[in-house]
Amino acid sequence: MAHMVVARVSSAPCKASGSRRSAVRAQSKAQQEADLRQTVAIVGAGIAGLASAVSLERQGFQCLVLERSETRREGGTAIALWKNAWRALDYLGVGDELRNGNHPELDSVELCAAEGGILKRFSFDECNGGPHEFRGVFRGELLRALESKLEQTEIRYGVGVERVTTTETGTGGVVLRTEGGEEMRCLAAVGSNGASSGLCGLPPTNYAGYRAIRGVANFEGEMPLPSSTVRQVLGRGMRAGMYPISDREVYWFVCFNGAEGDGPPMERALEAFRSWGHGVREVIEATAVEDMVASSIRDRWQSPLAPVGRGNLTLAGDALHPMTPNLGQGGCCALEDAVVLGRRLGGAAGGEGMAAALRSYEAERLRRTLKLTVRAGVMGSLLQIDNPLVTAARDAVVSRAFDPSSFLDHTSYDCREA
Ligand SMILES: Cc1cc2nc3c(=O)[nH]c(=O)nc-3n(C[C@H](O)[C@H](O)[C@H](O)COP(=O)(O)OP(=O)(O)OC[C@H]3O[C@@H](n4cnc5c(N)ncnc54)[C@H](O)[C@@H]3O)c2cc1C
């Protein structure tokens, strides 16, 4: 449970006179403003925002999370969490709770041809840097676990932030203006409000040329794939993937090429996948259309050399490094951001010290995430190729020459280490 202690309000005596009541109100307002000046405001209560709040609380910071949605997101599908994310979750104190949530640990990969058999099967043990750890968890469950760790942080739902202003050095903190017109002066602000965050004026994201539909299929009886396997099915300009997230649920996705915005309705987009084997038809049929989520796939190749934040304002998660989901790393990196942010700010006292710490945090994170963003983007382009000669050659290479030893190198990163 989040406790509402950021804007502490002194309790007024029951029978205060009118003038005493207004004096108490004035005093409590002044107290609230003074408290806010010591508070780090976090914009957005997604993975990046909640994880940042947990991490900063651990360093002794008072935080206030402002989330535009009226409630915490409970729905959504699942998210793949690799070893680098589990390290961050352990640091944040929620790793074991999520591990114990009946999510099977997966240990192997199958790459299949949409119009053929299994091209390649390998175990994570064949990848360098083991032991590896991979599980899928429900997004709502992850958010709930993070929120439950907050002891000193207030989360205000239904409050969108319109803009944040600050000075170059961060002296004087930041001023947030909410979409309701309220102004708050805080010590610092973290924009964790997703890929279309406009808080630091970064360029917009770029459409990657394909869209995705995701869902979670429920099976009463036998599941269409082994309980410990991640499966990808490769077609021409289309692909699908799936893995079990419990003993009766399978997370799945499909990706298909097309112009952004005017894509076909969900049902029609899925039609082409219904004839596929390898369990693709089964998972689609075992999912209600209203529970599926459609997304345009976008990214931005954000260089560590280009400026991001200013003064005491920074970004985290997709707001900082939007990447395509081809490595399953966007959310994992949002968790890493939170740990590094806490580590970097832990030593900063405020004013210029804090602004400098935020610039080093951004540089550290972008040095890591640019490589992942580029790799995920290139991988997505290759997997979405629709030329039949090229896809036949790709399948032959996967089948005969693919070496999995470096497949998981990027998950060995440990954000807890400086
Ligand atoms: C198809 C697909 C599959 C994916 N699969 C994986 C995977 O398997 N593994 C993985 O690690 N990642 C995956 N990702 C990426 C992952 O979903 C994102 O990286 C992650 O959700 C980013 O979290 P975030 O908190 O930065 O942003 P978001 O989840 O976008 O959260 C931002 C929050 O800010 C709020 N907000 C927005 N604007 C404002 C405002 N002005 N004021 C206040 N609040 C605001 C929003 O309501 C939202 O709650 C996938 C992405 C896609 C599209």
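Predicted model: local features only at pLDDT ≥ 70, side-chain atom pairs only at ≥ 80, totals over all residues.
1. The side chains of Arg 163 and Glu 162 meet in a salt bridge, with N and O 3.3 Å apart. A salt bridge here is a side-chain nitrogen of Lys or Arg within 4 Å of a carboxyl oxygen of Asp or Glu. Arg 163 is partly exposed, with a relative accessible area of 41%, and Glu 162 counts as partly exposed at 41%.

2. Residues are numbered from 1 along each chain as its sequence is written, and side-chain values use heavy atoms, with hydrogens and water left out.

3. How many salt bridges does a search of the whole structure find? The search finds 29 salt bridges. One of them joins Arg 368 to Glu 336, the closest N and O atoms being 2.8 Å apart. This pair links distant parts of the chain, since Arg 368 is in helix 9 (residues 351-383) and Glu 336 is in helix 8 (residues 330-346), 32 residues apart. Helices (H or I, at least four residues) and strands (E, at least two) are DSSP runs, numbered from the N terminus. Arg 368 counts as buried because its relative accessibility is 11%, and Glu 336 counts as buried at 0%.

4. A further salt bridge is formed by Arg 394 and Asp 395, with 3.2 Å between the closest N and O atoms. Both Arg 394 and Asp 395 are buried.

5. The next point concerns cysteines. A search of the whole structure finds zero disulfides, a disulfide being a pair of cysteine sulfur atoms within 2.5 Å. Cys 332 is in no disulfide, and the nearest cysteine sulfur, that of Cys 333, is 6.8 Å away. Cys 332 counts as buried, at 1% relative accessibility. Cys 415 is likewise in no disulfide; for Cys 415 the nearest cysteine sulfur is that of Cys 333, 9.5 Å away. Cys 415 counts as buried because its relative accessibility is 0%.

6. Which residues gather in a patch of negative charge on the surface? They are Asp 107, Asp 125, Glu 126 and Asp 403. Patches are made of residues with over 30% relative accessible area and no salt bridge; like charges are joined within 9 Å, and nonpolar side chains (Val, Leu, Ile, Met, Phe, Trp, Tyr) within 5 Å. Lys and Arg count as positive and Asp and Glu as negative, whereas His and the chain ends are not counted. The place of a charge is taken as NZ of Lys, CZ of Arg, CG of Asp or CD of Glu. Asp 107 is found in the loop between helix 4 (95-99) and strand 4 (108-113), and is partly exposed, with a relative accessible area of 39%.

7. A nonpolar patch on the surface is formed by Trp 301, Val 378 and Leu 382, which together have about 300 Å² of accessible area. Accessible areas come from the Shrake-Rupley method with a 1.4 Å probe; for residues, only the protein chains shown count as cover. Trp 301 lies in the loop between strand 16 (293-299) and strand 17 (313-315). Trp 301 is partly exposed, with a relative accessible area of 47%.

8. Some backbone features deserve attention. Most residues other than glycine have a negative phi, and most peptide bonds are trans. A cis peptide bond joins Gly 130 and Pro 131, with omega about -5 degrees, and Pro 131 lies in the loop between strand 5 (118-123) and strand 6 (135-138). Asn 102 has a positive phi, near 60 degrees; this residue, Asn 102, lies in the loop between helix 4 and strand 4 and is partly exposed, with a relative accessible area of 45%. Phi of His 278 is also positive, near 60 degrees, and His 278 is found in the loop between helix 6 (266-271) and helix 7 (280-285).

9. Gly 60 counts as exposed, at 66% relative accessibility. Gly 60 and Leu 335 are 275 residues apart in sequence and 19 Å apart in space, C-alpha to C-alpha.

Methods
Buried < 20%, exposed > 50% of the residue type's maximum accessible area, 1.4 Å probe, protein only.
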